[in-house]
Amino acid sequence: MSDTWTLKASEISESVSRSRREFLRSLIGAAYYRSLFSVSVPPSTPGSQSPNRRAIVVTFGGGCRDEETFMPQGQQNIPHLLMELLPQGAIFTRVENRGILGHYVATASLATGVYETFDNFASVPPQFPTVFEYFRRDLKRPSSDAWVVAPSNGFNRIGCSDARSFGPRYGAQVVLPKRFLKQALASKKTDDYEHLLQDNYETPLFIPQIEEPRISLREFAEVLNLSVTDFVTNALTLSSPDELSLYVAKQLMRRYAPNLLWITLHDMDIAHAGCYSLYIEAIQRTDRLCSEIWRTIQKEPEYAGKTTLFILPDFGRDSDGSVGGNGFQHHRTGDARSRTTWLLALGPGIHENTVVDRPVQPLDVVPTLGALLGFDPRMARGKPMSELL
Amino acid sequence: MSLPIQAKHFNSYPPEARRVATSHIELLRKLPAAFTPLLLQQVQEYDWRFPAERREIDQQLKFLESLSEADRRRLFTGFEQLQLPARLIDVKWVSSPEEFSEQLSQYLWSTHQIDAFHEVSSTYLKAVFAAMPNQPPAAPRLGIAVIGKGVERNSYPLFRKFRPHGTHFKNVNPANGLKTLLAHVADRAAANPSSFNHWYIDGGPAEPASNPFLTNISYSGLEPNRLALLRKIDRAIHDGIAGPKALLSLLHRLQPEEIGFDTAGKNGAIVSHFATSLLTSGSGTQIFSTSFVQWTTRELWRRAQPLTILARFAPRQRQRPMNELLSGDEQTVEMDAAGSLIDADMGAFYMWLDQQRLPGAEKASFLIWFEDHQEAFVVCPSLPRNTESNSRVEMHWLLAQTG
């Protein structure tokens, strides 16, 4: 198995990476790391890092391809990433996802640092401890210090695992903004609002019935420091579920200033419907929202100068040349392009304008967060990304 | 490990499929348990398969029977090495191979064996295709995509992905363009009259087509079936169906009659099963006409391997929430012509890619026209690549270049 990957997929992912790298270097005149110069990272001692250090992770729960982003014909879709964020950060051009290419299970793998193997469509918690549990348990942080904002009902179990010695008492608070909006609109005619309520583009004809949220709509509004009416009024000025997620994330940042915030964007997964124009629009929107998140970090005193921002798609999408797929529409073939993506990191101590060539895995995010924030993700299987530490 | 297959396991198969499976029962008993249901999944649908698909199934079985014991064992080494649980090595899957395929896929992903499976499948298919005679098509294939219906002005750069492969015509006389194209495909059907070899697909209502061998499917024509399907799904969800997978299984089991198709006649049954599969297996095809047209062309090239496809993309509905769409109430549908043009430009490119995967690709031609406008693009052996032409040309002239 791993030999197969090493021999074939690896060559393709190297070529994907090379094209990104060459383009990026020409664009930003970037310095770049070679693995030769990597240094090993000393094991972190829980609590040894500054308690004010913060991290925000933004994942795209709907992969995107180089053709629509980093390749010449796609660059017009990501002006903010290219011109504004890349020059300030370090980009890993070769992130290889060897797990299951379903959004919930892949995001859970990102959050645990282990390739989770559960059914992507099942409402189950991750099997291994999540980054939120390590963080809160090791650093003795309150529940208000770790949050997840996710667009899809399928993500309602992402906040904590069912691992022994961990679990709900150390988990993150998970906010599914659309669910609350739906509750708020339950008594109204929803024709004007329903465009915000889509769920699960991968199986668009199915609307999951899930357990009731742990907090009521009124409590949720209180969490955001808003009245229900204000929440609805603001939400209805937004054009997509991801806009709503960002709005909620900003409210959380102002109200609680959590040290660990995880935002999963999902609009671009509309690609599953097969409409190229809608997929492109969603990429452009996501690009803008990433910029807005970074600007918010710079504007908020609790975050400015002490926050590391990670941005990464959970995986790619099928290549046009993959016979078993249908191009951009899905991520079902498991081909190298659907598995190879990128990661951009910005924040204090990160070398700006840097392109990192060596292959990394999504599993490396949690150990890197552990080294940054000072907790020990002992069951995670990735390795810290030394270039960010 | 192989499966103790008996003739009774094929009792639920339709007549032709049962005949084929029974006549190869000795072979099926010798194949690995991880592979047999996958082969039977193709056989089970034999009655509704296109002639090209039947030919491939027959050739595949003939090839496997021609192998010596040692060669067969060598060919299937990879399948034998897959680590499967006992529940997937069970003769019961012979009767329900479709379900096996879903379960196998889920298991392979969760145990990180999916790459190994792709590898062994690819090795197997290469061996099969190497052994099959490479039959050239009866005439060079022609694909035609008509895009942009209803768009008056456009600023989106069309045909970008095609450019390295052919000639961009910027001064085509659009008068009677569609009529000319339809007449041309009807002529091709008359010149090579055989069932399922010539197709006209329309993302809106179909234009009259004048040859019995030109098979036609239109998105508007399928509206009653689409709405019946959406109602069925809606009902299943409200009745508390277990989850997306259960819903997909329900869709895969759906028979054409259940959503209002008429299956009378041999060809009628094949076309209605095909159309049902477009709506139940395609993603977005139930909702967006552009996705429907693209997916239909993909499935036609792959399955029917026809000589001719004319695909006309039409405006799809504006993106609306799934809940609203599921209601099936299309009274207030707004169309998105500009977005549909972008969808169709990409859809046409995929249509060409799929055409290129068939035997005879080097002689095949492809024409894409921005409907009622002066822009067209042609990929064919007689025209240069990466070239632009501003010369005034007629649609007849473009078609003549495609041979």
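**Chain A, make-up**

I started by counting elements in chain A. I found eleven helices and nine strands there. The model is a predicted one, so I kept confidence in view.

Next I looked up burial. Chain A has 389 residues, and 58% of them are buried. I then turned to contacts in chain A with a separation of 6 or more. Of these, 73% join residues 24 or more positions apart.

**Chain A, confidence**

I checked pLDDT for chain A. The mean is 83. A value of 70 or more is reached by 79% of the residues.

Residues 1–9 of chain A have pLDDT below 50. Beyond near neighbours in sequence, this stretch still shows twelve contacts in the model. Residues 190–196 of chain A are also below 50. For that stretch I noted 13 contacts beyond near neighbours in sequence.

**Chain B, the sheet**

I moved to chain B and traced a sheet. Eight strands form it, and it is open. I wrote down the order as β4-β3-β5-β1-β8-β9-β2-β10. The pairing is mixed.

Which strands stand at the edges? They are β4 (214–218) and β10 (387–389) of chain B. Each has a single partner strand, so one side of each lacks a neighbour in the sheet. The average is 15 degrees, direction ignored.

Strand β1 of chain B (residues 142–147) and strand β8 of chain B (residues 365–370) run in the parallel sense. Six bridges join them. I followed I144(B) across and found L367(B) as its bridge partner in β8(B).

**Chain B, the domains**

I looked up how chain B is divided. Domain 1 covers 7–131, and domain 2 covers 142–401. Their C-alpha centres lie 31 Å apart.

How many residues does each domain give to the contact? Domain 1 of chain B gives eight residues, and domain 2 of chain B gives nine. On the domain 1 side, I listed the elements that give two or more residues: α4 (51–66) and α7 (97–110) of chain B. I sorted that side of domain 1 of chain B by class. It has four nonpolar, no polar and four charged residues.

Methods. Residues are numbered from 1 along each chain as its sequence is written. Chains are lettered from A and ligands numbered from 1 in the order in which they are written. This is a predicted model: local features need pLDDT of at least 70, side-chain atom pairs count only at pLDDT 80 or more; totals for chains, interfaces and linings use all residues. pLDDT is the predictor's confidence in each residue, from 0 to 100. Two residues are in contact if their C-beta atoms, placed from the backbone, lie within 7 Å. Two strands pair if DSSP finds at least two bridges between them. Helices (H or I, at least four residues) and strands (E, at least two) are DSSP runs, numbered from the N terminus. Axes are lines fitted to C-alpha atoms, for helices over the stretch in contact, and angles run from 0 to 180 degrees between N-to-C directions. Domain bounds come from an automatic or database domain assignment. Ala, Val, Leu, Ile, Met, Phe, Trp, Tyr, Cys and Pro count as nonpolar, Asp, Glu, Lys and Arg as charged, and the others, Gly among them, as polar. A residue is buried if 20 or more other C-beta atoms lie within 10 Å of its own, exposed if 12 or fewer, and partly exposed in between; C-beta atoms are placed from the backbone.
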